[in-house]
Amino acid sequence: MNRPSARTSNLLGPLGAARAVGAWKGSAPAEQDFQLTGCAVEAKTTGTALPQRLHIASERQLDSRGVHRLIVFQLSVDVRDGGGMTLPQLVNNLRADMSE
């Protein structure tokens, strides 16, 4: 099983794993991927060559009503067969680590 790396810990920064996992909405009926008090984060990844384009499934993903700050977090990745993990897998791994 893939485990979160030191690099993942750096991405979590001062937010910490517990707060990040608690803010994760995933496929739940929510407009953005992460929702915190006054702040929402819409995470986008792309593994395409230049020019990179983000896919916005709905204009509501970019709707900032009801939050003080809306952050669009874009991450370029190197896509390889059989490597890495998805964001839902990462969240599930963090949950498992916290329950141990």
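I began with burial: 20% of the 100 residues of the protein count as buried, that is, under 20% relative accessible area with a 1.4 Å probe and protein chains only, while exposed means over 50% and partly exposed lies in between.

I noted that this is a predicted model, in which local features need pLDDT of at least 70, side-chain atom pairs count only at pLDDT 80 or more, and totals for chains, interfaces and linings use all residues. Residues are numbered from 1 along each chain as its sequence is written, and side-chain values use heavy atoms, with hydrogens and water left out.

I looked up the confidence next. The pLDDT (the predictor's confidence in each residue, from 0 to 100) averages 80, and 85% of the residues score at least 70. Helix 1 (residues 6-12) has the lowest confidence, with a mean of 56, and strand 1 (residues 34-36) the highest, at 90. Where pLDDT is low, the predicted coordinates should not be read in detail.

I then recorded the secondary structure: three helices and three strands, in the order α-α-β-β-β-α along the sequence. Helices (H or I, at least four residues) and strands (E, at least two) are DSSP runs, numbered from the N terminus.

I checked the contacts (heavy atoms within 4.5 Å). Of those with a separation of 6 or more, 60% join residues 24 or more positions apart.

The protein exposes about 7300 Å², of which carbon and sulfur atoms supply 52%; the areas come from the Shrake-Rupley method with a 1.4 Å probe, and for residues only the protein chains shown count as cover. I found Val 79 in the loop between strand 3 (69-76) and helix 3 (87-99), exposed at a relative accessible area of 60%.
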